[in-house]
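Please look through the sequence and the 3D structure shown here before reading on. The report is meant to be followed with both in view.

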Amino acid sequence: MPFDFHNPYPTTRIPVLARNVVSTSHPLAAQAGLRMMWKGGNAVDAAIAAAAAMTICEPVSNGLGSDAFAILWDGRELHGLNAAGRAPAAWTPDYFRRKYGAAAANPPKRGPDSITVPGAVAGWVALSERFGKLPFADLLEPAIEIAERGYLLPVVVQQKWAAATPELGSLPGFAPSFLPWGRAPRVGELFRFPAAARALRAIAQTRGAAYYGGEIAQAIERFVREHGGSITAADFASFRPEWVQPIARDYRGYTLHEIPPSGQGIAALIALGILSRFDLAGLPVDGAESQHLQIEAMKLAFADVYRYCAEPSCMEVTAEQMLDDAYLAARAKLIDRRKAQDFGAGNPARGGTIYLTAADENGMMVSFIQSNYMGFGSGVVEPGFGISLQNRGHGFSLREGANQVAPGKRPFHTIIPAFLTRRVEGRVEPVMSFGVMGANMQPQGHVQTLVRMLDYRQSPQAACDAPRWRFNAGLEINVEQQMDKATVRELAARGHRVEVIDDNYQDFGAGQFIWRAGDPKVEGYVAASDSRRDGLAAGF
């Protein structure tokens, strides 16, 4: 391992070392994953069980109406899964302009016309069919039990639940599902979700068919149309997840892999490609010089991503062109080491997402992410099955361009799992499955944590707990309150418009990391879970 566990850099959690590990942002989900491994399942089984449990335990970030992505190492090679949903067949720019006026720039942020087809459940089924060991129905048992028996609300989830209710409380189906006493549950109160248990049973018994071609799809169509939306059961029936080849970029002797566009994972690859031109290790880890270079590289990456990235068939340039060595070298030359610059529009949207990762003693490693996008998503909840529907449609544009809305099209996507490998004696070896949740914070989190691990040799838990910055737009950045005060002052002196933010969860993301220490049967893994959420890394 390249890092020093005795490095005095402060951490707030202890890393977990084990041969079978699951790391999630809720302890019950980590336990659900371990339960599958105890039954003889593998890391894919564990990840699906944990993901299903997360739809119940952290509804402020995801649900049964989410999208999902995964990158997994099967013991020999990497595979990518895109389970992002598509626009309903009725969606065109004219559809939205007629309903919301010619000045509308995007589909609405909330409500029935923000809902695209959810892909997460289909993603679970695809992963299970191709790589799982246990029967699919077994994987949903923990989530069903949690939904029926209930769970005690943890601190961070409760804060976000309460914060969302003023905006979402009047939306269709939200209050009956998520305001059981006419308000958000309080910390330690028991929350049950029997409607979601009913959905999970139907999904388990039919291997997802009830969701995409049966009673659940029909119930969603009826409810959404009743409230003015256009999504149909036929839109659900036509959905298929897609296996994809991850895109990659080398950095400091390792290779970072991301899901290709329409996701924003390429932003992390661009930023690292730019940073590879600078000797970060020769600079103080928490000093203004290192942080400034990372911020400027990230700005350049976002300028390209927001200009070019969309559904691949609609992009005017390819991912390969965006990652070209000569192009990235030219971009690096634009950085002024003493002055902050505005390289183009940013996107300060906030999001709600869960990320989890699992690894087993046979060498399988899974990097998995699912999300309702902005917290609870659309705010629309089908009451019979407790389906909290995402608002990914808001990510489309109504104006001409690569990301303009069209029937059956995927929107620009924020959620991105990541994976790290290295080449040893001519063969590719897995190194780390990881991710950082939180809208446009995700590639920024990938870059900041990887720089700490690969340039500064910090352990995954130390890199996870370290203070972060977040670029929003123009010259605007947020920094966490624990960032070094002298560094903050120097960043401001260089022209960054700095705002210190206390809300770590919402503004700075949260990550889970599993680093392979060597042969999993002997040396196992090092797992970390971010202290910014209620999570847990657990293993045996």
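The sections below describe a sheet and its helices, then one serine, and then some salt bridges. The model is a predicted one, and the descriptions should be read with that in mind.

## The seven-stranded sheet

Seven strands make up an open sheet, in which the order is β7-β4-β3-β11-β10-β2-β21 and the pairing is antiparallel. At the edges stand β7, covering residues 242-244, and β21, covering residues 536-539; each has a single partner strand, so one side of each is left without a neighbour in the sheet. From one strand to the next, the twist averages 15°.

Strand β10, made of residues 352-359, pairs with strand β11, made of residues 365-373, in the antiparallel sense and over eight bridges. Within this pairing, Ile 354 stands opposite Gln 370 in β11.

## Two helices lying across the strands

Helix α1, which is formed by residues 27-38, lies across β2 (21-24), β10 and β21, and it runs at about 155° to β2. Helix α4, formed by residues 120-131, lies across β3 (67-73), β4 (78-83), β7 and β11, and its direction is at about 150° to β4.

## Ser 23 in strand β2

Ser 23 has its place in strand β2. The relative accessible area of Ser 23 is 0%, and this residue is therefore buried, since that term applies to values under 20%. A polar atom of the Ser 23 side chain lies 2.8 Å from the backbone oxygen of Ala 528.

When neighbours within four places in sequence are left aside, the residues in contact with Ser 23 include Tyr 355, Leu 356 and Thr 357, and also Gln 512 and Phe 513. Ala 528, Ser 529, Leu 536 and Ala 537 are likewise in contact with Ser 23.

## Salt bridges

Side chains of opposite charge can pair when their charged atoms come close. A search of the whole structure finds 33 salt bridges, and a few of them are described here.

Arg 35 forms a salt bridge with Glu 141, with the closest N and O atoms 4.0 Å apart. Because Arg 35 lies in helix α1 and Glu 141 in helix α6 (residues 141-149), the pair ties together parts that are 106 residues apart in sequence. Arg 35 counts as partly exposed, at 26% relative accessibility, and Glu 141 also counts as partly exposed, at 29%.

Glu 296 is buried, with a relative accessible area of 0%, and Lys 299 counts as buried at 2% relative accessibility.

A further salt bridge is formed by Glu 425 and Arg 427, whose closest N and O atoms are 3.5 Å apart. Glu 425 counts as exposed, at 75% relative accessibility, whereas Arg 427 is partly exposed, with a relative accessible area of 41%. Elsewhere, salt bridges that share partners join Arg 35, Lys 39, Asp 138, Glu 141 and Glu 145 into one network.

Technical notes: Residues are numbered from 1 along each chain as its sequence is written. This is a predicted model: local features need pLDDT of at least 70, side-chain atom pairs count only at pLDDT 80 or more; totals for chains, interfaces and linings use all residues. Side-chain values use heavy atoms; hydrogens and water are left out. Two strands pair if DSSP finds at least two bridges between them. Helices (H or I, at least four residues) and strands (E, at least two) are DSSP runs, numbered from the N terminus. Axes are lines fitted to C-alpha atoms, for helices over the stretch in contact, and angles run from 0 to 180 degrees between N-to-C directions. Contact means heavy atoms within 4.5 Å. Buried means under 20% relative accessible area, exposed over 50%, partly exposed in between (1.4 Å probe, protein chains only). A polar contact is a pair of N or O atoms within 3.5 Å; within protein, one must be able to donate a hydrogen and the other to accept it, and residues adjacent in sequence count only if both atoms are side-chain atoms. A salt bridge is a side-chain nitrogen of Lys or Arg within 4 Å of a carboxyl oxygen of Asp or Glu.
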